[in-house]
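Subject: Structure handover and findings

Hello,

Here is the structure for your own work. My notes on it follow below.

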Amino acid sequence: MTTGPTTHLREWDLKRLAAGELDSAQEAALRAHLEGCEACRATERTLAQSEADARRELEAALPFEQFAQGVERLLKTAPRRRALLGGRWVQGGWALAACVTVAVVAPRLVGGGLLRHDHGGSGRSDAPLGERHLGNRLKGGAQVELRIAGAGDGPQRVAVERGAEPLGPGERVRIGYRAGTHRYVAAISVDAQGEVSALYPEAGSSLPATPSAQLTYLPGSLEFTGRGSKKVIVVLSDAPLAVTQLTQAAQAAFRQAGGDVSRLPPLALPGEQFQRTLLEP
Amino acid sequence: MAEAAPKPHLVVIAGSASGSRRDVLRELYQRFGPTVYGRCLYLLKDRHRAEDATQEVFAKALTSWDRFQGDASPLTWLVTIATHHCLNELRGERAAWRKGFTAQVELTSVPKDGAKEHEVRDWVRKLLGRFDLETQAAAVHHHVDGMTLEEVAQALGRSVPTIRKRLAAFARVAGLESFP
């Protein structure tokens, strides 16, 4: 159990204890310490009081039903990911899974991300922008593809490499990658106002890339319902990149481009980058 | 604590997509809503904005649900998303925010040894606008949440030396001695 220099428990440990996140051995150790330490019990009481105050305030201002409705509304705005809707990718279109099974607290989506990639269809040349802009050598065939599909069973297409790919209302985007020799993948978007959104992941650092000769699609799908251009940037790297690092690099690139997202230079980050421009409906 | 990976309690819910999502959301709201709201209120200093931000945070959490690792701490995960969200929101008003904070900082004194926790937290918040996003997040997680360097590094996906460097830079400006 981690303790501070005065051997008292850290607040973070007490918060995790209250949240029920500790295993039995850790919990027993904390409780044993608490039994013999009035100072830590006082801290625990203070934390519990703060939690109760926040709960009372939150539940008064945002009762669960109102809160849930607000969250649902937000999930319908761009960019959004449909992971929990059980979005399935099927050849020739998208379909929502009728049922999903999710695990609360430590969830795993079941059924999301099933992919059948039409290798012979509308795929276009996908030479990485990073190779041109950054002078990176193409490493082991790294590749990125943004595949677009409508809400129905219409044809799928791949976002153009040059220029902007117009998106229709309700169209969704999946990001596919082949990592080549790289080990990590991350994706962000930058809109016309320079707002950076972390797409994969939304916090933490780059996701471990799946080594495969085929394209691997990141889970869920994205729907952009804003206005104007949006740049999607996928970064394949040999070491994990922090979301904050990606965000700051994108913000710096936007400033360097004079606020014109269509002229966004490559981000000052290691690895290979792939940019696609989407024109939101 | 850092060496032992906690195993969060698992509850499996089966059912329709929308029904399951509502159940997941309810569980998250009940277990972590106050903590997330508290973090948003601390950073945004406005109840209405904190309420909106709390909803935004949970919407983001739901959309990245499938990537959440089962052996990770859901509390850390949600607090990290909340912190990142609020700091990003504040970034949009950075100029005015920084100016205001600078004025406030100049009028107040550095907390002395033995200062109450809330004084230190208030001081940390006032200084955030002077730093880049990553340093802000590191400072909040370390000084407000009480995470260790290792926990901050893990939450932000950075190395411990990098976090130490960020916090040292923060400490120099903050004038607080109990920094790493």
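Which side chain meets that of A:R55 in a salt bridge? The side chain of A:E51 does, at 3.3 Å from N to O. A salt bridge here is a side-chain nitrogen of Lys or Arg within 4 Å of a carboxyl oxygen of Asp or Glu.

First, the conventions. This is a predicted model: local features need pLDDT of at least 70, side-chain atom pairs count only at pLDDT 80 or more, and totals for chains, interfaces and linings use all residues. Residues are numbered from 1 along each chain as its sequence is written, chains are lettered from A and ligands numbered from 1 in the order in which they are written, and side-chain values use heavy atoms, with hydrogens and water left out.

Salt bridges

Over all chains, the search finds 22 salt bridges. Side chains of opposite charge can pair when their charged atoms come close.

Back to A:R55 and A:E51. Both sit in helix 3 (residues 38-61) of chain A, 4 residues apart, about one turn of the helix. Helices are DSSP runs (H or I, at least four residues), numbered from the N terminus. A:R55 is partly exposed, at 26% relative accessibility. A:E51 is partly exposed as well, at 25%. The classes are: buried under 20% relative accessible area, exposed over 50%, partly exposed in between (1.4 Å probe, protein chains only).

A:E21 pairs with A:R16, at 2.9 Å from N to O. A:E21 counts as buried, at 1% relative accessibility. A:R16 is buried too, at 6%.

In chain B, B:D122 bridges to B:K126, with the closest N and O atoms 3.2 Å apart. Both lie in helix 5 (residues 117-127) of chain B, 4 residues apart, about one turn. B:D122 is partly exposed at 25%, whereas B:K126 is buried at 11%. Elsewhere, salt bridges that share partners join A:R10, A:D13 and B:E151 into one network.

Nonpolar cores

A nonpolar core is a set of buried Ala, Val, Leu, Ile, Met, Phe, Trp, Tyr and Cys residues joined through side-chain atoms within 4.5 Å. The largest has 59 residues, and B:C40 and B:F58 have the most contacts inside it. Helix 1 (residues 17-44) of chain B gives the largest share of this core, 11 residues. A second, separate core has 24 residues, including A:L146, A:I148, A:L236 and A:L278.

Leaving aside neighbours within four places in sequence, B:C40 has contacts (heavy atoms within 4.5 Å) with residues including B:K45, B:A53, B:V57 and B:C86. B:A53 lies in helix 2 (residues 47-63) of chain B. B:A53 is buried, at 1% relative accessibility. The C-alpha atoms of B:A53 and B:L41 are 8.8 Å apart, and the two residues are 12 residues apart along the chain.

Cavity

A cavity is a set of points, on a 1 Å grid over the protein atoms alone, where a 1.4 Å probe fits but cannot get out; lining residues have an atom within 4 Å of a point. The search finds 1 cavity of 30 Å³ or more. The largest cavity has a volume of about 60 Å³, taken as the space filled by probe spheres set on the points, which are joined across faces, edges and corners. Its lining includes A:T244, B:H84 and B:H141. Helix 3 of chain B gives the most to this lining, with 3 residues.

Best wishes

Methods:
Helices (H or I, at least four residues) and strands (E, at least two) are DSSP runs, numbered from the N terminus. On a 1 Å grid over the protein atoms alone, a cavity is a set of points where a 1.4 Å probe fits but cannot get out, and a pocket is an open set with protein on both sides within 12 Å along at least five of seven lines; lining residues have an atom within 4 Å of a point.
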